[in-house]
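Colleague: I am new to reading protein structures. Could you walk me through one, feature by feature?

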Amino acid sequence: MQDKLKLLCKIAKLFNDGSICWCVDGSMLLLHIGLGDEPNDIDIVVHKDDVQKAIGLMQGIGEEKDVHKSSVFVSDIYKKFVSGGIEVDLIAGFKVRHEGGIYEYKPDFAMPISIDEVMYAKPEDWAKLYSMMPGKKGKADVLRKCIKMDVY
């Protein structure tokens, strides 16, 4: 886990120094607020205007890997990098196909939760996203309970 956090801090420094609008989400967000186990990877959403710069920075610290198409996740840009054996997913225009159509996640990059220069997505946003993802409704429920109780 320490290696993932070190890599995340390295990415945070690069992205912040490069004035990239970004945030960490998914299982790293859950871990950060005390609701998850060790994540399999690091998920990062970047603003569409900054994605090419972010890709360039990630190419400097990791090897780009092939990505398999998904019928659920239909983001505009989805890249996977591996650095030191750790996967980092870089996403812009993050979209989820669900029973009601396609939902585009639009994080408020102006107001992320910043801890030690790491920008985290808002748990409220992820409660909504998880509720649309197959097999993730349990995570959505836990997040909603914590939001209601104001425990994060």
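Modeller: Gladly. Start with K4 and E38. They form a salt bridge, and their closest N and O atoms are 2.9 Å apart. Keep in mind that this is a predicted model.

Colleague: What is the general idea behind such a pair?

Modeller: Side chains of opposite charge can pair when their charged atoms come close.

Colleague: Where in the chain do K4 and E38 lie?

Modeller: K4 is in helix α1, residues 2-17. E38 is in the loop between α2 (26-32) and β2 (41-46). The two are 34 residues apart, so the bridge links distant parts of the chain.

Colleague: Is K4 buried or exposed?

Modeller: K4 has a relative accessibility of 11%. The cut-off for buried is under 20%, so K4 counts as buried. E38 has a relative accessible area of 45%, which makes E38 partly exposed.

Colleague: How many salt bridges does the structure hold?

Modeller: The structure holds 11. Let us take another one. K48 bridges to E104, with 3.1 Å between the closest N and O atoms. K48 sits in the loop between β2 and α3 (51-61), and E104 sits in strand β7 (residues 101-104). They are 56 residues apart in sequence, so this pair ties those parts together.

Colleague: How accessible are K48 and E104?

Modeller: K48 is partly exposed at 42% relative accessibility. E104 is partly exposed too, with a relative accessible area of 23%.

Colleague: Which residue does K95 bridge to?

Modeller: K95 forms a salt bridge with D76. Their closest N and O atoms are 2.8 Å apart. K95 lies in strand β6 (residues 95-98), while D76 lies in the loop between β3 (63-65) and β4 (77-83). That is 19 residues apart in sequence, so again the pair ties parts together. D76 is partly exposed, at 41% relative accessible area.

Colleague: Which residues do shared partners join into one network?

Modeller: K48, D76, K95 and E104. Salt bridges that share partners join them.

Colleague: K95 brings us back to strand β6. How should I think about strands?

Modeller: In a regular strand the side chains alternate between the two faces of the sheet. Now look at how strands pair here. β6 and β7 run antiparallel, and four bridges join them. V96 stands opposite Y103 in β7.

Colleague: Next, aromatic rings. How do I describe a pair?

Modeller: A pair of aromatic rings is described by the distance of the centres and the angle of the planes. A search of the whole structure finds six aromatic pairs. Take F94 and Y105. Their ring centres are 6.1 Å apart and their planes meet at 90 degrees, so the pair is edge-to-face.

Colleague: Where do F94 and Y105 lie?

Modeller: F94 is in the loop between β5 (86-92) and β6. Y105 is in the loop between β7 and β8 (113-115). They are 11 residues apart. F94 is buried at 6% relative accessible area, and Y105 is buried at 4% relative accessibility.

Colleague: How are the rings of F94 and W126 arranged?

Modeller: Their centres are 5.8 Å apart and their planes are at 20 degrees, so this pair is stacked. W126 lies in helix α4 (residues 123-132), so the pair ties together parts 32 residues apart in sequence. W126 is buried, with a relative accessible area of 4%.

Colleague: Which residues form the aromatic cluster?

Modeller: F73, F94, Y105, W126 and Y130 form one cluster.

Colleague: One last residue. What does L30 touch?

Modeller: L30 touches L35, G36, Y130, K139 and L143, not counting residues up to four places away in sequence. L30 is found in helix α2 and counts as buried at 5% relative accessibility. L30 and Y120 are 90 residues apart along the chain, and their C-alpha atoms are separated by 9.9 Å.

Notes: Residues are numbered from 1 along each chain as its sequence is written. This is a predicted model: local features need pLDDT of at least 70, side-chain atom pairs count only at pLDDT 80 or more; totals for chains, interfaces and linings use all residues. Side-chain values use heavy atoms; hydrogens and water are left out. A salt bridge is a side-chain nitrogen of Lys or Arg within 4 Å of a carboxyl oxygen of Asp or Glu. Buried means under 20% relative accessible area, exposed over 50%, partly exposed in between (1.4 Å probe, protein chains only). Two strands pair if DSSP finds at least two bridges between them. Rings of Phe, Tyr and Trp (its six-membered ring) pair if their centres lie within 6.5 Å; planes under 30 degrees apart count as stacked, over 60 as edge-to-face and the rest as tilted. Contact means heavy atoms within 4.5 Å.
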